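Okay, thanks for making time, everyone.

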Amino acid sequence: MLSALIWIPMLGAALIGFWPGSVSSKIVRNSAIAIAAITFILSVILATQFDASTGELQFAEFIPWIDVLGLNYNLGVDGLSLPLVILNCLLTGVAIYSTDESLRRPRLYYSLILLITGGVAGAFLTQNLLLFFLFFEVELIPLYLLIAIWGGERRGYAATKFLIYTAFSGIVLL
């Protein structure tokens, strides 16, 4: 279930971004809303099955990945990360729904929003520091592009500042 919260938005972003041919803006927007709704429903189902009386990780997923580096695909949810995951899924739907329908380059925009959703969910659910770092970096690239392309008047300056600060914090984190 936890992997679905990460990979459904990412696969949806790939589907929207790389769909062959021309697709209308309305179809792209509705597809993004449907993907966001699916992830939100999954997060609500996760919340209904969550046992708040225990302080342990729940719904844990563990898959050995790169044993030489000690890197494992290790996910879990606790009482702190659960509300954040639900909020992430809810705000993704709100952000997509409130976006202007006459947006330029909608396929790229909605793909980036869904990539951010998957990256944020991964950062909240991972139990491995290196995997957290990977999900953190995955969400920064789409955020930079959103700022640089659809930002305000000084979007180039804001995107550059964002990149400098997040690159520095990523280096410190690593």
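This is a predicted model: local features need pLDDT of at least 70, side-chain atom pairs count only at pLDDT 80 or more; totals for chains, interfaces and linings use all residues.

Let's start with helix 2, residues 25–49, and helix 3, residues 81–97. Their axes come within 9 Å, and the crossing angle is roughly 160°. So helix 2 is roughly antiparallel to helix 3. The handedness of that crossing, if you want to note it down, is left-handed.

Who's touching whom there? On the helix 2 side you've got, among others, Arg29, Ala32, Ile33, Ala36 and Phe40, and they face a set in helix 3 including Leu82, Val85, Ile86, Cys89 and Leu90. Sort the residues of that contact by class and you get 13 nonpolar, 4 polar and 1 charged.

Now, helix 2 also packs on helix 4. Those axes come within 9 Å too, but here they cross at roughly 10°. That makes helix 2 roughly parallel to helix 4. From helix 2, the residues in contact are Ser25, Val28, Arg29, Ala32 and Ile35, and from helix 4 they are Pro106, Arg107, Tyr110 and Leu114. That contact splits into 6 nonpolar, 1 polar and 2 charged residues.

Keep an eye on Arg29, which turned up in the contact with helix 3 and again in the one with helix 4. What does Arg29 form a salt bridge with? Glu101, with the closest N and O atoms 3.5 Å apart. And a search of the whole structure finds 1 salt bridge. Arg29 sits in helix 2 while Glu101 is in the loop between helix 3 and helix 4, so this pair ties together parts that are 72 residues apart in sequence.

Strand 1, residues 58–66, and strand 2, residues 71–77, run antiparallel and are joined by 6 bridges. If you want a pair to click on, Pro64 stands opposite Asn72 in strand 2. The hairpin has 4 residues between the strands, and Gly70 there takes a positive phi near 75°.

That's my tour, so over to you for questions.

Methods: Residues are numbered from 1 along each chain as its sequence is written. Side-chain values use heavy atoms; hydrogens and water are left out. Axes are lines fitted to C-alpha atoms, for helices over the stretch in contact, and angles run from 0 to 180 degrees between N-to-C directions. Helices (H or I, at least four residues) and strands (E, at least two) are DSSP runs, numbered from the N terminus. Angles under 35 degrees count as roughly parallel, over 145 as roughly antiparallel, 65 to 115 as roughly perpendicular and the rest as oblique. A crossing is left-handed if the near helix is turned anticlockwise from the far one by less than a right angle, and right-handed if clockwise. Contact means heavy atoms within 4.5 Å. Ala, Val, Leu, Ile, Met, Phe, Trp, Tyr, Cys and Pro count as nonpolar, Asp, Glu, Lys and Arg as charged, and the others, Gly among them, as polar. Two strands pair if DSSP finds at least two bridges between them. A salt bridge is a side-chain nitrogen of Lys or Arg within 4 Å of a carboxyl oxygen of Asp or Glu.
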